[in-house]
Every structure is written in C-alpha cells, then in structure tokens.
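Open the model in your viewer and keep the selection tool at hand. The tour moves from the whole chain to single residues.

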Amino acid sequence: MSPSTEARTPSEARDRLLGTATRIFYAEGIHSVGIDRITAEAQVTRATLYRHFSGKEDLILAYLDQADRGIRGQVTAARDSADSAAGRVRAVARSIVDGIRSPGFRGCAFLNAVAEYPDPAHPVHRAVLAHRQWFLDTVTELLAQVGGGDGEAAGRHFVMLRDGAMAAGCLFDPELVSETFLHGVEGVLRDASEKSSA
C-alpha cells in the first residue's frame, strides 16, 4: 500500500471509536456516557481518541454525521425503488417502518440528541436542524410530485407523522405504531392527490 493510499484509509481505531460511540449514544443517550467508557469499550487510549476527534463534541458530531449519511442513503434507495410519485413516498414511509420494527430501536437519533442539546446555537443542535431541514425538503419535494403543488403542508404533515411514529415506536407495540404511521401517510397522499385534482 502506498503512503498516499494509506493516508486515505480510515483508521481502524477511529472506526472502533465511532462505532462504539454510536452504539452507546443511541442506546443510552449522549450526556450519560463519558469518554472513559467509550475508550475502554473501543479498546483505545484517550490519546488515540484525541488523535481522531478534538473532544467529545467532535465525536458526537461524527456520530450524527454518520446517522445523517445512513438516512440519506436509506431514503435515496427507497425513492429509487419506486416508479410513481406516490410509490416513492410510500417506499420512504416503509423504510421508516423498517427502522421502527428493527431490534434495538430507540427512536430517532436526531430527536434524542436535540432533547439533550436544547440550545439552538450549539453545534449538535444545529446539526440536528440541518438534517431535519434536508428531510423536510426531501419529502416536500416528493409530495409536490404527487399533488402537483408546492407540497409544503403535506411535507410538514409527513414529518410530524414520522416524528410521532419514531417516538412511539420505542414505547409501544412497533407493529401497531408502524401500521398507524402508514395509514397516516396514505391520508397525506390522498389529501395531496385531491388538491391536485381540485
């Protein structure tokens, strides 16, 4: 391996740190977890952590960035799997339901993080808002294709349904929550279609 290739290869220690932090932050929260626990479970030294991340906040932002990239990929794959505008919205909704039904589901990583970082000026809060704006813009665009309008109200409605499903999915029966969410999405689609034909 050449030195330039080696420099571009992600560090195994960095990957372990981020993987460990992701698992623990998602399962237990962010503030409740200290750097010492992350380094111990990742089997690295504090010096290694600080070689890859400037501190815990940088590690949190990397965790959220990884979650953001994962969700963007999930939404793109879902959207690309359907041929019609309504089918794309349904595919995105089904991908959300797949997450709710997955083992270890603990809600939305972004809603969980913002609950711990309520200050709008904090970098973690801003990262959450950026992700949520992307998601709102994405579903608004998809719903505009269904209804032929701007899709703004339908997009906000979809996001609110999704937020409720993400919160309820770790508290109640995920099957019932999923069914209720999908039923709500059908209502959003029906409303968008009716507005386009009015």
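**The whole chain**

Start with everything shown as a cartoon, and keep in mind that this is a predicted model. Along the sequence the pattern reads α-α-α-α-α-α-α-α-α-α. Taken along the principal axes, the C-alpha atoms fill a box of roughly 65 × 40 × 35 Å. Of the 198 residues, 42% are buried. Among contacts between residues at least 6 apart in sequence, 65% join residues at least 24 apart.

**The nonpolar core**

Next, select Phe 25 and Phe 158. These are the residues with the most contacts inside the largest nonpolar core, which has 58 residues. Colour the elements that give two or more residues to this core: helix 2 (12–28), helix 3 (35–42), helix 5 (56–80), helix 6 (85–100), helix 7 (109–116), helix 8 (123–147), helix 9 (152–169) and helix 10 (174–197). In soluble globular proteins, nonpolar side chains tend to be buried together.

Now stay on Phe 25 and show its surroundings. Leaving aside residues up to four places away in sequence, Phe 25 touches Ile 30, Val 33, Ile 38, Lys 56, Leu 59, Ile 60 and Tyr 63.

**Helix 8 against helix 9**

Two packed helices are described by the angle between their axes and the distance between the axes. Select helix 8 and helix 9, whose axes come within 8 Å and cross at roughly 125°. Helix 8 is therefore oblique to helix 9. The crossing is right-handed.

To see the contact, show side chains on both helices. From helix 8 come Arg 132, Phe 135, Leu 136, Val 139, Thr 140 and Leu 143. They meet Glu 152, Ala 154, Gly 155, Arg 156, Phe 158, Val 159, Arg 162 and Asp 163 in helix 9. The residues of this contact divide into seven nonpolar, two polar and five charged.

**Helix 7 against helix 8**

Helix 7 and helix 8 pack at an angle of about 150°, with their axes 9 Å apart. That angle makes helix 7 roughly antiparallel to helix 8. Their crossing is left-handed. Helix 7 contributes Phe 110, Leu 111, Ala 113 and Val 114 to the contact, and helix 8 contributes Val 124, His 125, Val 128, His 131 and Arg 132. By type, these residues are six nonpolar, two polar and one charged.

**His 131**

Select His 131, in helix 8. Is His 131 buried or exposed? His 131 counts as buried because its relative accessible area is 5%, and buried means under 20%. Apart from residues up to four places away in sequence, His 131 touches Asp 68, Ile 71 and Phe 110. For a distance check, draw a line from His 131 to Arg 106: they are 25 residues apart in sequence and 18 Å apart in space, C-alpha to C-alpha.

**Gln 43**

Finish at Gln 43, in the loop between helix 3 and helix 4 (46–52). Most residues other than glycine have a negative phi. Gln 43 is not a glycine, yet has a positive phi of about 60°. With a relative accessible area of 67%, Gln 43 is exposed.

Definitions and conventions. Residues numbered from 1 in each chain as written. Predicted model: local features only at pLDDT ≥ 70, side-chain atom pairs only at ≥ 80, totals over all residues. Heavy atoms only, no water. Core = buried A, V, L, I, M, F, W, Y, C linked by side-chain atoms within 4.5 Å. Buried < 20%, exposed > 50% of the residue type's maximum accessible area, 1.4 Å probe, protein only. Helix = DSSP H or I, 4+ residues; strand = E, 2+ residues; numbered from the N terminus. Contact = heavy atoms within 4.5 Å. Axes fitted to C-alpha atoms, helices over the stretch in contact; angles between N-to-C directions. Parallel < 35°, antiparallel > 145°, perpendicular 65-115°, else oblique. Left-handed = near helix turned anticlockwise from the far one by under 90°. Nonpolar A, V, L, I, M, F, W, Y, C, P; charged D, E, K, R; others polar.
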